[in-house]
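Please consult the sequence and the structure alongside the text.

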Amino acid sequence: MADDLGDEWWEKQPTGAGSSPEASDGEEGGRDTEVMQQETVPLPASSKKTKQKKITDVLAKSEPKPGVPEDLQKLMKDYYSSSRSVIELEELNLPDSCFLKANDLTHSLSSYLKEICPKWVKLRKNHSEKKSVLMLIICSSAIRTLELIRSMTAFRGDSKVIKLFAKHIKVQEQMKLLEKRVVHLGVGTPGRIKELVKQGGLNLNPLKFLVFDWNWRDQKLRRMMDIPEVRKEVFELLEMGVLSLCKSESLKLGLF
């Protein structure tokens with residue numbers, strides 16, 4: 001059975017009052033049930049209509065297109081265009097060889113991961129470094145992290161998985177887990193992953209695959225890269241060693 005580091009509590013506990021998928025000791029306290037309710041409360045009718053209208057109109061004019069590597073490259077250039085020189089912008093270019101085949105919107109997460117990493121079982125068995133993972137999956141929120149972990153059961157098998165987000169989990173707790181045992185898969189938000197790298201709790205050098213939860217849309221129809229704070233954290237994480245690993249061809253990027 002798969003071993004989810006940090007997930008054992010909510011998988012084994014009864015689902016009565018006070019228990020929830022995100023429950024964990026942390027500085028924020030409170031019940032995740034309440035947090036999840038707050039996050040899923042619909043916006044007032046007038047506000048919601050205004051917020052969604054533009055995105056809805058755009059989607060109505062054409063079928064949603066799956067993300068491609070050029071989308072990431074363009075977003076990065078646009079983001080840094082006002083603060084970087086032409087030469088510095090060129091240094092952000094990634095070789096086509098570092099990108100894996102992107103999801104064409106027909107895949108489940110497990111089927112996509114099996115396609116881009118057919119030798120996962122062998123790779124996992126050979127991984128013995130602590131404070132590291134072989135694969136990172138980056139998404140927009142804690143709730144989405146849990147959804148992705150549950151949906152990748154067919155792929156992960158006996159892999160040890162750690163959830164990497166800030167809600168109700170202190171960064172020190174995640175650092176202890178990574179230091180204590182070998183972990184194969186990390187799923188979480190760019191902000192918390194960036195903080196773990198910054199504090200030395202996560203070494204990116206052994207990382208082989210970095211997958212973005214690119215095409216999924218939230219209740220406001222936003223993809224992860226449509227959210228300014230998430231986009232900012234992603235680009236800052238990329239500059240913390242990810243880009244150089246891609247250029248050295250030791251790390252591959254995927255868009256799910």
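The sections below treat strand pairing, helix packing and cysteines in turn.

## Basis

The model is predicted. Residue numbers start from 1 along the chain as its sequence is written.

## Strands β3 and β4

Strand β3 spans residues 160–164, and four of its five residues are buried, so the strand is largely enclosed by the rest of the structure. Its partner is strand β4, residues 185–188; the two pair in the parallel sense over four bridges. Within this pairing, V161 stands opposite L185 of β4.

## Helices α11 and α12

Helix α11 comprises residues 190–198 and helix α12 residues 228–247. Their axes lie 8 Å apart, and the packing angle is about 30°. Angles under 35 degrees count as roughly parallel, and α11 and α12 are therefore roughly parallel to each other. The crossing in which α11 passes α12 is left-handed.

## Cysteines

A disulfide is a covalent bond between the sulfur atoms of two cysteines. With a pair of cysteine sulfur atoms required to lie within 2.5 Å, the count of disulfides comes to zero. C98 is in no disulfide: the nearest cysteine sulfur belongs to C246 and is 4.3 Å away.

Is C98 buried or exposed? The relative accessible area of C98 is 0%, and buried means under 20%, so C98 is buried. C139 is likewise buried, with a relative accessible area of 0%.

Notes. Predicted model: local features only at pLDDT ≥ 70, side-chain atom pairs only at ≥ 80, totals over all residues. Heavy atoms only, no water. Buried < 20%, exposed > 50% of the residue type's maximum accessible area, 1.4 Å probe, protein only. Pairing = 2+ DSSP bridges. Axes fitted to C-alpha atoms, helices over the stretch in contact; angles between N-to-C directions. Parallel < 35°, antiparallel > 145°, perpendicular 65-115°, else oblique. Left-handed = near helix turned anticlockwise from the far one by under 90°.
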